[in-house]
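Please look through the sequence and the model below before reading on. The explanation moves from the whole chain to a single residue.

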Amino acid sequence: MAAPAPQLLPDDADPTFAELIAGRPHLTVHAHDGLTMEEVPLARIAAEVGTPSWVYSAGTLRRRFRALQGALEEARVPSEIHFAVKANPNLAVVRALAKEGAGADIVSEGELRLALAAGIDPAHIVFSGVGKTLGELRFALSHRIGQINAESAEEIGMISDVATELGVTADVALRVNPDVDARTHAKITTGKSENKFGVAIADAPALYARMAATPGVRPVGIAVHIGSQITAGVSAYAAAYAALADLVRGLRAQGLAVERVDCGGGLGIPYRHEPAPSPAALAGAIRGALGNLGVKLMVEPGRWICGPAGVLLTRVILQKHTGSRRFVILDAAMNDLLRPAMYEAWHGIVPVSPQDFVSPVSPCDVVGPVCETGDTFARNRGLPLLEPGSLVAFLDAGAYGAAMSSTYNARPLAAEILVDGDRFATVRARQTQEALLAGQSVPDWLAA
Ligand SMILES: *Cc1c(COP(=O)(O)O)cnc(C)c1O
């Protein structure tokens, strides 16, 4: 790997703190209280709950859900919105969205249990994923969930076995792989033929016909999901939906019923200043290709709804200088927020105190305490000199943040807090050191 560039100037392509805050209406900076989410100063949360902590804005979750719903209605493609629980499987977050009318897109029994606990009607739950176990299928079908998205002939057989055993009929959509390039990060592109997801569109007609003749299975429609953090316009969506529309017409010409089309998720958000497509543009792509088919439409957004709604609130442990570089070492690490290490992701990092917010910035590397060089959140980032104990917030950490955390380096999972107007509550307690050890044991031959 090439040696990193010397720290001379912060990357001037980075947005300023003021620009970052201006684009996030739930965040404001108060002269006295500093960075504030809705009406709650983040410093107050840090004082009461400690750090690192994930903090979510309930108002933003609602506002974004309604904006997406409004865009779909405006484009005359009213659709069921199934929140992709994997983006943020916090019970209170899913509950807030359930109260807005969201259904759920789930990928495991755990997520299904969470969606049910959040009060989502099983009829509005869709089960996605390439490898559902027989146990998971049994759990899902015995709870009469609305739809299973099948991803292979083999899986259709498994669904049939379980449905027959339970004496029920499973509503199954066939997930197709449209072989389009969503032009996102390689680790989160899912709609190309070399990806593991779905069935080849050329194989779909025969499989769909076979589903219609399979006991315990009722084919209800077609599903697609081409990738995540899609920011390069909606042309990949349009291409995928056009292929789906052709498929639906072909199936109907064979005399097969197609009632639903599940359009997937993946709508990107601007972490830095990417020109992310709007929900209106997505709605337009859906309308253009699928609007006249007379099918029930569904979408499965995760990140777009909850990503901007969350921050990761963390404290500076110390600053150290080695050679010409300044390192800001935080009490959050890659085990908390994995995205920079995993996807080279950029997150806005802003100070919390009002003084730090207006102090001159200089370049630094922002890192966590974990014993890996990959535990680097940012290089050459412009931040003020930060005393030990200073607070900073990672922006847009509400999706694939806490959800992807681990306890690597025996670090307890961080707390999660929901802010709603002037109220806030801990919605997941910080994991205790005792809980980290719980469940582990030493076999008796080693104990003596
Ligand atoms: C991950 C996933 C989603 C949500 O993706 P986002 O990029 O968060 O919108 C939707 N559907 C399926 C099948 C997924 O795997």
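Predicted model: local features only at pLDDT ≥ 70, side-chain atom pairs only at ≥ 80, totals over all residues.

Residues are numbered from 1 along each chain as its sequence is written, and side-chain values use heavy atoms, with hydrogens and water left out.

The protein contains 15 helices and 21 strands; these are DSSP runs numbered from the N terminus, with helices (H or I) of at least four residues and strands (E) of at least two. Its radius of gyration is 23 Å, close to the 22 Å that the globule rule gives for 448 residues, so the protein is as compact as a globular protein of that length. The radius is taken over C-alpha atoms, and the rule is 2.2 Å times the number of residues to the power 0.38. Along the principal axes, the C-alpha atoms fill a box of roughly 70 × 65 × 50 Å.

Of the 448 residues, 56% are buried, meaning under 20% relative accessible area with a 1.4 Å probe, protein chains only. Among contacts (heavy atoms within 4.5 Å) between residues at least 6 apart in sequence, 71% join residues at least 24 apart.

Asparagine 335 lies in the loop between strand S15 (325-330) and helix H12 (339-343). This residue counts as buried because its relative accessibility is 1%. Leaving aside residues up to four places away in sequence, asparagine 335 touches Val370, Met404, Ser405, Ser406, Tyr408 and Arg411.

Notes. Buried < 20%, exposed > 50% of the residue type's maximum accessible area, 1.4 Å probe, protein only.
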